[in-house]
Amino acid sequence: MILAAVAAVLALALATGIYSSAQARTAANLAAASAAPSAPTTAQASNPAPAGLDAAARKSAPSPPAGSIDAALDAKVNAIIAANSQYQFGVALVDLSKGAGSADAHEYGVQEKFVAASTAKVLAAAAFYHLVETGDASLEDPMGSYTAGFQLREMIQQSDNDSWSLIMDAVGHEELTEYAASLGVSYDPETNTLTPAEMATIISGVYSGTLLNAGDTAQLLSYMQDTNYETLIPAAVPEGITVFHKYGLLGDELHDAAILAQGSTAYALVIYTKGQDESDIPERTEVIHQLTQAVAGALF
């Protein structure tokens with residue numbers, strides 16, 4: 001008796017630039033994505049749940065013994081920054097395992113404000129979701145040629161600047177400043193500056209579920225995975241650790257703001273850098289990898 005075997009091969013090539021445009025999508029993709037995003041897909045739902053969303057599930061999830069942010073880790077991070085003093089590095093690290101909303105950031109290197117570049121898009125997204133939750137906006141609202149939900153996804157996952165502008169206008173610049181202040185963050189959309197610790201506060205609030213409801217939290221975090229620029233913090237994290245992040249690249253600014261999660265252990269890691277110009281991006285990328293490896297190696 002002969003058993004028949006059936007094999008299927010699926011190949012998909014995706015090419016996205018660092019700064020994509022919503023208008024540059026193919027007609028087929030736009031038709032599929034123009035509807036406002038709703039609950040996360042089955043694939044998205046399989047990712048580890050954000051802290052604060054399902055405490056019972058997190059307690060039951062197996063997790064290896066975690067480390068702690070101690071003097072040894074401080075020394076490693078400071079040594080890496082000192083060895084690369086030709087660049088400006090600001091690092092903030094927050095242990096989210098100690099309770100939702102914790103913003104007790106350990107700071108290293110430059111603690112002053114940087115131009116936040118696209119990392120601030122997470123703040124704009126949270127502010128718009130807040131409007132949705134208060135009934136002042138809808139993900140189905142027309143925005144540009146598509147919907148607000150589509151523009152949110154493009155802004156975070158593809159780092160689309162046209163989408164960012166539309167979302168910022170919908171929120172309002174003054175209102176965005178007020179929303180940031182309610183989180184304990186000083187933010188002016190005109191200058192777009194944040195400290196690494198302030199950015200850590202923002203992503204910590206998103207991940208812990210203290211800013212948005214469970215559905216919106218999960219959706220926003222799902223957009224912070226498999227983005228169009230995965231070569232910074234995600235590229236240096238060991239297998240088994242889930243990363244939610246938003247990078248920023250603008251002139252001499254190169255940043256990444258991430259949540260590293262495994263079981264009940266989670267940390268916010270923000271690395272802001274300022275160099276000469278885009279020519280030293282490879283060198284600064286390598287330092288970001290070194291910092292990420294030092295943190296992940298000590299804490300997971």
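This is a predicted model: local features need pLDDT of at least 70, side-chain atom pairs count only at pLDDT 80 or more; totals for chains, interfaces and linings use all residues.
Residues are numbered from 1 along each chain as its sequence is written, and side-chain values use heavy atoms, with hydrogens and water left out.

Strands β7 (residues 242-250) and β8 (residues 253-262) run antiparallel and are joined by 9 bridges; strands are DSSP runs of E, at least two residues, and helices runs of H or I, at least four residues, numbered from the N terminus. Pairing requires that DSSP finds at least two bridges between two strands. Between β7 and β8 lie 2 residues, and Gly251 of this hairpin adopts a positive phi near 60 degrees. Because 8 of the 9 residues of β7 are buried, this strand is largely enclosed by the rest of the structure. Buried means under 20% relative accessible area, exposed over 50% and partly exposed in between (1.4 Å probe, protein chains only).

Turning to helix α4 (residues 71-82), the buried residues include Leu73, Val77, Ile80 and Ile81. Viewed down the axis of α4, its buried residues fall within an arc of 100 degrees, so they line one face of the helix; the arc is taken from the directions from the helix axis to the C-beta atoms. On the other side of α4, Ala71 and Ala82 are exposed. At the start of α4, a side-chain oxygen of Asp70 comes to within 3.2 Å of the backbone nitrogen of Ala72.

Terms used
The expected span of a helix is 1.5 Å times one less than its number of residues. A polar contact is a pair of N or O atoms within 3.5 Å; within protein, one must be able to donate a hydrogen and the other to accept it, and residues adjacent in sequence count only if both atoms are side-chain atoms.
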